[in-house]
Each structure stands twice: as structure tokens, then as C-alpha cells.
Amino acid sequence: MIENVLARKGLSLRLKITVKGLISAGMCALAVVLPQLFHLVAGAQSGVSWLPMYLPVLLGGCLLGWRWGLAVGVLSPVVSFLITSAFGNPMPIAARLPFMAAELAIFACVSGLFSKKIAKNGWFAFPAVLLAQLAGRSAFMISVLIFQSITPFTPAVIWGQIQAGLYGMILQVVAVPFVVMILRRLLIKGDDD
């Protein structure tokens, strides 16, 4: 969606990359800060229930497309892990990091595949988020099934986490598309001025 706006403005490639890079960095920063706020306000288990890191990743995919969204999806848990490890409480834990990076990469890629359609019709953000969730959560479960002999996770544990995260997934299905549609309207309005 952002690519369409930048193209209509006739910006240079260098400026487009700068804008998308800044938005990507902002999404990664939000993906680090938002879980910390949830943990501070609602407790340590709120991350599993509300999935706050997923919100900016889905938003990044919808806004930036699959390539830049992929970077946001992979980098968000890695940056969060590095920063929070420095304070002695890594989030996500090291054992979950590769699974979460892969899951969020899929979330961002799938939602990002809808970016051009969202630019034309903001309602496409709803199927983008829903399909991203299904693909990402399925990939998480499949990767645990494949690597269960070398990981502390079992399919039953992951299924429990998926069930615990239903509130967060519902929040994502509602909140992300509405934020995307509001931003789309503002960008189009700003583009018409």
C-alpha cells in the first residue's frame, strides 16, 4: 500500500527505500515495545494470550508488502530477543525464537501479498490478516511437529498456546484491518491535496 502512495508521488528510489526503511524500523520498534507494555500492565502471560508482537508485524505486511514485511517479521522477534536479553529476561525465549521468527515472517509475507489490493480497497485487509494468521499458526505447528525431537516444545504445548492466543487473534482480525483502512484513507486524502 505504501509503495502505491510513494509511486504516485513520483519519489526517487532512494527516497522510497528511506521511507519504507523508516516505517519498517518503526514497526520493529513497536513490536519490541508493545509486548513489554502488555507484560507490564497485564502480567507475564499476557503475551501468549494477546500476541502483541503480531499486531505491528501484520500491520507492516499490509502496509509495506511482502518483501519489507518479511524483514519486519523476521527482525521483530530477533531485535526483541537481543534487547530484552541485555536486561536478563529474553523475549521470546531462545528456544522459541526460530519458530517465532518463521511464524512472523509468514504472517508478514501473507498479509503483504495483499498490499496492492489493500491500496485499491481497504477491506482486503480483513482476508489478509485472517489468511496470514491461518498460514502462520499452521506453519508454527508444522515446524514443531518436524523438529519435536530437538525442541522442548510438543504439538500439545503449541496447540495450547494457539488456543490461549485466540483473544489476540480476534483482536488482530478486527484492529489491524481498521488501522490499515484509516491509514489508507489518510494517505489517499493526503495524496489528493
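Author: Quick definition before we start: a polar contact is a pair of N or O atoms within 3.5 Å. Keep in mind that this is a predicted model.

Reader: Which backbone oxygen does the side chain of Ser-143 reach?
Author: Ser-143 sits in helix α8. Its side chain reaches a backbone oxygen at 2.9 Å, and the cut-off for a polar contact is 3.5 Å. The oxygen belongs to Phe-140.

Reader: Is Ser-143 buried or exposed?
Author: The cut-off for buried is under 20% relative accessible area. Ser-143 has 15%, so Ser-143 counts as buried.

Reader: Which element gives the most to the largest nonpolar core?
Author: That core has 33 residues. Elements giving two or more residues include α2 (13-42), α4 (54-64) and α10 (166-192). With eight residues, the top contributor is α4.

Reader: How many residues of α4 are buried?
Author: The buried ones include Tyr-54, Leu-58, Gly-61 and Leu-64. Just past the helix end, Gly-65 takes a positive phi of about 90°. As for α4 itself, it's mostly covered, and the buried count out of its eleven residues is eleven.

Reader: Which Cys is in contact with Val-176, leaving aside neighbours within four places in sequence?
Author: Val-176 is one of the residues touching the most other members of the largest core, along with Tyr-54, Cys-62, Ile-118 and Val-180. Its contacts include Leu-55, Leu-58, Leu-59 and Val-129.

Notes
Residues are numbered from 1 along each chain as its sequence is written. This is a predicted model: local features need pLDDT of at least 70, side-chain atom pairs count only at pLDDT 80 or more; totals for chains, interfaces and linings use all residues. Side-chain values use heavy atoms; hydrogens and water are left out. A nonpolar core is a set of buried Ala, Val, Leu, Ile, Met, Phe, Trp, Tyr and Cys residues joined through side-chain atoms within 4.5 Å. Buried means under 20% relative accessible area, exposed over 50%, partly exposed in between (1.4 Å probe, protein chains only). Helices (H or I, at least four residues) and strands (E, at least two) are DSSP runs, numbered from the N terminus. Contact means heavy atoms within 4.5 Å. A polar contact is a pair of N or O atoms within 3.5 Å; within protein, one must be able to donate a hydrogen and the other to accept it, and residues adjacent in sequence count only if both atoms are side-chain atoms.
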